[in-house]
Amino acid sequence: MAKLIEVCNVACKKDKKHVIFSQLNFDVNERDIIVLQGKSGAGKTTLLKCIAHLNVYDGEILYRGGTAKAHGVPVFRTRVFYVPQRPALLPGTPRDFMATVASFQSRKLNSESDLANAMDISKGWGVDHELWDRNWTSLSGGEAQRIALAAAVGLNTAEVLLLDEPTSALDHHSTKLVEEFILNALRSPQNGLKAIVWITHSEEQARRVGTRFLRISTSGCEEEPLMPEP
Ligand SMILES: Nc1ncnc2c1ncn2[C@@H]1O[C@H](COP(=O)(O)OP(=O)(O)OP(=O)(O)O)[C@@H](O)[C@H]1O
């Protein structure tokens with residue numbers, strides 16, 4: 001399977017003195033769903049942001065053998081797509097967010113159909129179209145999460161999705177709908193999605209979606225075997 005992301009000797013600090021993690025080494029390959037685990041504060045979100053080129057770090061992170069800069073950061077961000085845990089921190093409305101992504105050179109031609117596609121996906125998850133014109137700050141946590149995910153999947157530009165507790169604000173039924181859709185997108189030849197790194201604190205969800213399990217701590221990361229049923 002093709003190697004999509006290479007994380008080579010990556011380290012990150014909170015400040016000059018305090019290390020969050022160091023010596024992280026792993027690859028993300030085509031068809032992987034890597035469940036990222038670790039104690040609260042271990043640096044899971046920070047690592048996703050490093051991979052997404054949203055956080056500074058030491059070491060090297062490559063996507064298809066090149067750095068984010070070598071690919072061009074806007075294009076890189078459409079291919080390696082970070083979905084935040086709290087989209088409410090984004091400015092403007094979800095429609096504005098789609099317009100921003102569409103303004104990236106590589107997406108200009110498809111902006112209308114991208115938006116329609118994303119809105120239809122979110123509708124399937126119980127989110128009405130009009131919510132795309134409300135400010136992120138006025139959406140509930142669960143509405144914002146479903147819209148951010150629908151945007152990421154609907155754009156259909158991402159080869160690697162970086163999902164930061166994507167269903168933490170959702171009820172069980174919505175969680176199952178979202179999981180099923182994302183897993184189908186990964187399997188579908190029509191969708192460009194090839195791998196996912198997924199943070200979850202739910203052991204049940206990890207078991208349902210994960211193909212590999214990575215635990216991070218201050219001193220590095222360890223790959224764990226497939227989790228047995230309780
Ligand atoms: N911008 C920042 N400045 C200083 N410290 C930060 C910053 N961002 C994160 N941290 C710290 O880095 C550590 C790792 O945070 P991070 O959010 O990555 O952990 P996490 O494993 O995702 O936690 P959780 O499971 O609670 O969401 C925490 O101690 C956090 O307080």
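Helices here are DSSP runs of H or I with at least four residues, strands are runs of E with at least two, and both are numbered from the N terminus. The model is predicted: local features need pLDDT of at least 70 and side-chain atom pairs count only at pLDDT 80 or more, while totals for chains, interfaces and linings use all residues. Residues are numbered from 1 along each chain as its sequence is written.

Start at the ligand. Select Lys14, Ile20, Gly38, Ser40, Gly41, Ala42, Gly43, Lys44, Thr45 and Thr46, the residues around the ligand (a residue is near a molecule if its C-beta atom, placed from the backbone, lies within 6 Å of it). Helix 1, residues 44-51, contributes the most to this shell, with three residues.

Now show strand 3 (residues 33-37) and strand 7 (residues 195-199), which pair in the parallel sense over four bridges. Ile33 has Ile196 of strand 7 as its bridge partner.

Finish at helix 6, residues 141-155. Its end C-alpha atoms are 21 Å apart, which agrees with the 21 Å that 15 residues should span at 1.5 Å a residue (the expected span is 1.5 Å times one less than the number of residues). Of its 15 residues, 13 are buried (20 or more other C-beta atoms within 10 Å of a residue's own, all placed from the backbone). Just after helix 6, select Asn156, which takes a positive phi of about 55°.

Conventions
Buried ≥ 20, exposed ≤ 12 C-beta atoms within 10 Å, placed from the backbone. Pairing = 2+ DSSP bridges.
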